[in-house]
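I opened a notebook page for this structure. My plan is to look up a few features one by one and write down what turns up.

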Amino acid sequence: MEFCKVWQFMMYAADLGNGQRLTIENVGTQTVLTWTSQSSGQQQSQQMSLSLGAWSSMPKLFKSHSSFILQIESQRTSYIRLQANGISLLSEVPLMLGSEEVLLQRVTTPSSPKMPEMKPLEPLRMGNMTMRMEPMEMSMGNMNLRFETETSSSANASTAHFCSHCGTKVQENDRFCAHCGTRLKS
């Protein structure tokens, strides 16, 4: 168990050629793959996060004739295919005859810096119009519009009920929608 902890917060990267780069990061039980591709003023990026568990050894990357195969060792061995149309977790051990191992380099900087915590949105003012998020409120001149959250007193008041399937108005004690027949939640 101690051996697994050594690999928990590791990050590796590989240059795959043709402007492509793969970054593999293990954060706790999550394995995060980021595959970027750059060409003539264009950049594409794909990312996948998988719950594979803490790594028990360094990941291995193999290049075959049509794709790359990533091998992750954790509680079990997992294989991930990277090819032009995307990243996919394989359900069985792939045939890797003729594949060559690609060198992975340890990366010491995080893949993405932490975003600073955002402060609440200040009321928006434009001329004589004001908008506020919590509670949702808008006022313009002498017109005011306010949406309040439901309180316990309004929860007891009579409110309209609608079918979750077709949207038809139903009565509170209906068990089925009269329009489409869908069973209503009680």
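Entry one, a surface patch. I looked up Phe 147 and found this residue in strand S14, which covers residues 143–147. The model I am reading is a predicted one. Phe 147 belongs to a nonpolar patch on the surface, together with Leu 121, Met 133, Met 136 and Leu 145. The accessible area of these residues together is about 540 Å².

Entry two, salt bridges. How many salt bridges does the count come to? I noted two. One of them links Arg 146 to Glu 137, with 2.8 Å between the closest N and O atoms. Arg 146 is partly exposed, at a relative accessible area of 44%. Glu 137 is also listed as partly exposed, and its relative accessible area is 25%. I then looked up Arg 21, which forms a salt bridge with Asp 15; here the closest N and O atoms are 3.1 Å apart. Arg 21 is partly exposed, with a value of 31% relative accessible area. Asp 15 has 57% and is exposed.

In what order do the strands of the five-stranded open sheet stand? I wrote down S4-S3-S2-S1-S10, with antiparallel pairing. Strand S4 (42–51) and strand S10 (105–106) are at the edges, and each has a single partner strand, so one side of each has no neighbour in the sheet. Strand S2 takes in residues 20–27 and strand S3 residues 30–39, and eight bridges pair them in the antiparallel sense. For Val 27, the bridge partner in S3 is Gln 30.

Entry four, strand S5. I looked up which strands pair with S5. Strand S5 (residues 60–63) pairs with strand S6 (residues 68–73) in the antiparallel sense, over four bridges. Lys 60 has Gln 71 as its bridge partner in S6. S5 also runs antiparallel to strand S9 (residues 100–102), and three bridges join them. The bridge partner of Leu 61 in S9 is Val 102.

UniProt, in an unreviewed entry, places the feature "domain: Zinc-ribbon" at residues 162–184. I checked this span in the model: the C-alpha atoms at its ends lie 9 Å apart. Its content is 0% helix and 13% strand.

Disulfides were next on my list, and the count comes to zero. A disulfide is a covalent bond between the sulfur atoms of two cysteines.

Conventions
Residues are numbered from 1 along each chain as its sequence is written. This is a predicted model: local features need pLDDT of at least 70, side-chain atom pairs count only at pLDDT 80 or more; totals for chains, interfaces and linings use all residues. Side-chain values use heavy atoms; hydrogens and water are left out. UniProt positions are given in the numbering used here, feature names are shortened, and annotations may be inferred rather than shown by experiment. Helices (H or I, at least four residues) and strands (E, at least two) are DSSP runs, numbered from the N terminus. Two strands pair if DSSP finds at least two bridges between them. A disulfide is a pair of cysteine sulfur atoms within 2.5 Å. Patches are made of residues with over 30% relative accessible area and no salt bridge: like charges are joined within 9 Å, nonpolar side chains (Val, Leu, Ile, Met, Phe, Trp, Tyr) within 5 Å. Accessible areas come from the Shrake-Rupley method with a 1.4 Å probe; for residues, only the protein chains shown count as cover. A salt bridge is a side-chain nitrogen of Lys or Arg within 4 Å of a carboxyl oxygen of Asp or Glu. Buried means under 20% relative accessible area, exposed over 50%, partly exposed in between (1.4 Å probe, protein chains only).
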